[in-house]
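Please read this note with the model open beside it. Each point takes up one part of the fold or one set of contacts.

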Amino acid sequence: MAEIKKFESKYSIYTLESFGDKIFINRKVKETGVVSKFFYYINIDKNGNSKTRRIDEIVGKKIIGRALKDDNISSALMIVEGEKINKKKNKIIDFSNKSKEEYLFTSTGDKFFYHKKSLNSFKNNTGKTIISTHISPEGTCNLRCPYCSVAYRNSIGNRIELDIIKKYVNILKKRGLKAVILTGGGEPTLYPKINELIEFLYDKSKLELAMITNGTVLDRIFPKNRKKFRWLRVSVNLFDGWEKKINIPKEFINPKTIIGFSHIYTLEHNFGDKEINYKKILRKIIKLMDKFNVQYLRLLPNCLIKGDKFNYQHKAIDRLVSSFKDKRIFHQLKIHQRPDFKICYQSYFRPYLSEEKNPWTKKPGTVFPCDSIVLNSSVKKFLDKYAICEPERIGEYMDKKIKHKFKPPVDCEGCVFVKNNKILEYLANSSEKEFESYFKKVENKKIKHLHKNFI
Ligand code: SF4
C-alpha cells in the first residue's frame, strides 16, 4: 500500500493511498481513531442524475481539498459535473409532498396539536410543557459507521449514572412527561444497566417507551423487557455481515410494538472497496423486513451533505423508492432550514439528554435542546454552546430560569425542526381566538398519526 499524499484538518487526517490499481481516500478521526476508506464518489451530471464512480488520483486530491475546507467528507464525495446543475431543467424536490407513511411513523410537527395542555402551559409559563424526551445513556458503540453524525465526539466510554437519569425523569414526570425514546450517542443497548433503566421507565414510571438502535445487540435486553416498547427503530447500517448481525429477538415482534427500519442512502457505508449497488441492497433489506415483520423502511440522505447536493440525493432516493413497488418503503422529506425565530421553542416540549460530559460539573449527562444540533456544522459532535443544563436542573429550564447560549438564526443553520418551532412560536404568541382556531383547523385535516406522545 502506497501513501500518495497526507493532509490534516482540525478533526481528521486524510491520506490518498493506492492498493494495487485502486486509489482510495483514508480518513482517520483524531479523537476516536475511527478509520474509514472511500473508494467511490458520486458524480452528478448537469441534469441531476447521480452515478457512482471510482476515485482516481486527480479526483481523490480534489475531494480531499474540498473535505479539508469544512472537514466535510460527505459533501466532498459528491462532485457536480461542470460545478453547476441546470436548475431550470430540474425540479428540486417538493418537500411538502410527504407520504402518509411519513406522517404515520415519524415526527412531522403535526402531533403537537394533540397536546393543547402543554401548549397552554407554555403560553402561561406554568412549566408543564414537557411531552417526551430522548435519552442517550451510553457513548460507546459497537459499530464504526463513517457517516455517523457524532463521529468526532470525544464521549466514547461516557455513560450517564442511572441515578442521574432517574432524577431527570422524575422531575419531568411531575411536570407531565409521557414518553421516552432511548437513543444514541452510542448504542443504547450497550448501557450496562439497560434492563434496570427499561424497568424504571416502563414499570415504575409508567412511561411509554421507544428505542432507536443499530439492532445488532438487542439480545442484551432481557426477554421479559422486550415487549415494553411502543416502537423500535433499527438503523440499518451496511458493513461486512450486516444481514446476519442485525437480529431482532422474537419477543420484540409482538402486536404492541411497531418495528421500523431506517436507512441512510449514502456511499459511505463500511464496505471496503466493494461498490454499493442500491437495488441489490434494498432487496436484501426487504428480506430482513419480511423476516422480522418490519412495518416500514424509511430512506433518507446523509444529513451532512450540504446545499443542492443534498437535494439531488433526495432525487436519487425518490427514483429508487419508485422503482420498488413496496408500500412499506417511504422517503423521508426532512428539510434543513435556517431558523428565523429567536429561541428554540421545541426544547421545552422534547429536550434531549445526552451522555456528553456537561460543561459545568464535567460529569456525563447534558441536556441539549434537540437531538440534531450536531447537524449545524460539519463538526460531528455536540458543542458546549448548545448545552442547556445539567440533568438535575431540568426543572429550572422548564420554568424558563435558564437562558439559551445560542441563537437559532445564527447557530442552527441546518435545523430540521423549523416547522415545529414556527407552529410553537405562533401558538405562544397567539390570541385566545387564534389559539383555539388553530386546534380546530388541524383537527379537521384528519391526517393519521401513530404514537401521539412521541412528538
Ligand atoms: S437545530 Fe432547531 S430544534 Fe435544534 S436547537 Fe436549533 S432551533 Fe432548536
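1. Basis of the note. This is a predicted model, in which local features need pLDDT of at least 70 and side-chain atom pairs count only at pLDDT 80 or more, while totals for chains, interfaces and linings use all residues. Residues are numbered from 1 along each chain as its sequence is written, and side-chain values use heavy atoms, with hydrogens and water left out.

2. Domains. The protein chain is divided into domain 1 (2–83) and domain 2 (100–432); such bounds come from an automatic or database domain assignment. The centres of the two domains, taken over C-alpha atoms, are separated by 28 Å. Domain 1 puts 31 residues into the contact and domain 2 puts in 26 residues, where contact means heavy atoms within 4.5 Å.

3. Area between the domains. The size of an interface is often given as the accessible area lost when the parts come together. Between domain 1 and domain 2 the buried area is about 2500 Å², and carbon and sulfur atoms give 55% of that. Buried area here is the accessible area (1.4 Å probe) that two parts lose on being put together, summed over both.

4. How many salt bridges are counted between domain 1 and domain 2? The count is 0, a salt bridge being a side-chain nitrogen of Lys or Arg within 4 Å of a carboxyl oxygen of Asp or Glu. The count of residue pairs in polar contact between the two domains is 1, with both residues at pLDDT 80 or more. A polar contact is a pair of N or O atoms within 3.5 Å; within protein, one must be able to donate a hydrogen and the other to accept it, and residues adjacent in sequence count only if both atoms are side-chain atoms.

5. The domain 1 side. Elements that give two or more residues to the side of domain 1 that touches domain 2 include β2 (12–19), β3 (22–29) and α1 (57–70). Helices (H or I, at least four residues) and strands (E, at least two) are DSSP runs, numbered from the N terminus. β5 gives the most to this side, with 4 residues. By class, the side has 14 nonpolar, 10 polar and 7 charged residues. Ala, Val, Leu, Ile, Met, Phe, Trp, Tyr, Cys and Pro count as nonpolar, Asp, Glu, Lys and Arg as charged, and the others, Gly among them, as polar.

6. Salt bridge K30–E8. The structure holds 18 salt bridges. In one of them, K30 and E8 meet through their side chains at 3.1 Å, N to O. K30 is in the loop between β3 and β4, and E8 is in strand β1 (residues 2–8), 22 residues apart. K30 is partly exposed at 36% relative accessible area, whereas E8 is exposed at 52%. Buried means under 20% relative accessible area, exposed over 50%, and partly exposed in between (1.4 Å probe, protein chains only).

7. Salt bridge K422–D340. The side chains of K422 and D340 form a salt bridge of 2.9 Å, N to O. K422 is partly exposed at 35% relative accessibility, and D340 is exposed at 53%.

8. E355. Is E355 buried or exposed? E355 counts as buried because its relative accessibility is 2%. This residue sits in strand β15 (residues 352–357). The side chain of E355 makes a polar contact of 2.6 Å with the side chain of S136.

9. N254. N254 lies in the loop between α7 (242–245) and β12 and is buried at 13% relative accessibility. A polar atom of its side chain is 3.1 Å from the backbone oxygen of E251, and the side chain of N254 also reaches the backbone nitrogen of K256 at 2.8 Å. Leaving aside residues up to four places away in sequence, N254 touches R226 and K227.

10. N277. N277 is in the loop between β12 (258–265) and α8 (278–292) and is partly exposed at 38% relative accessibility. A polar atom of the N277 side chain lies 3.0 Å from the backbone nitrogen of K279. N277 and T52 are 225 residues apart along the chain, and their C-alpha atoms are separated by 9.2 Å.
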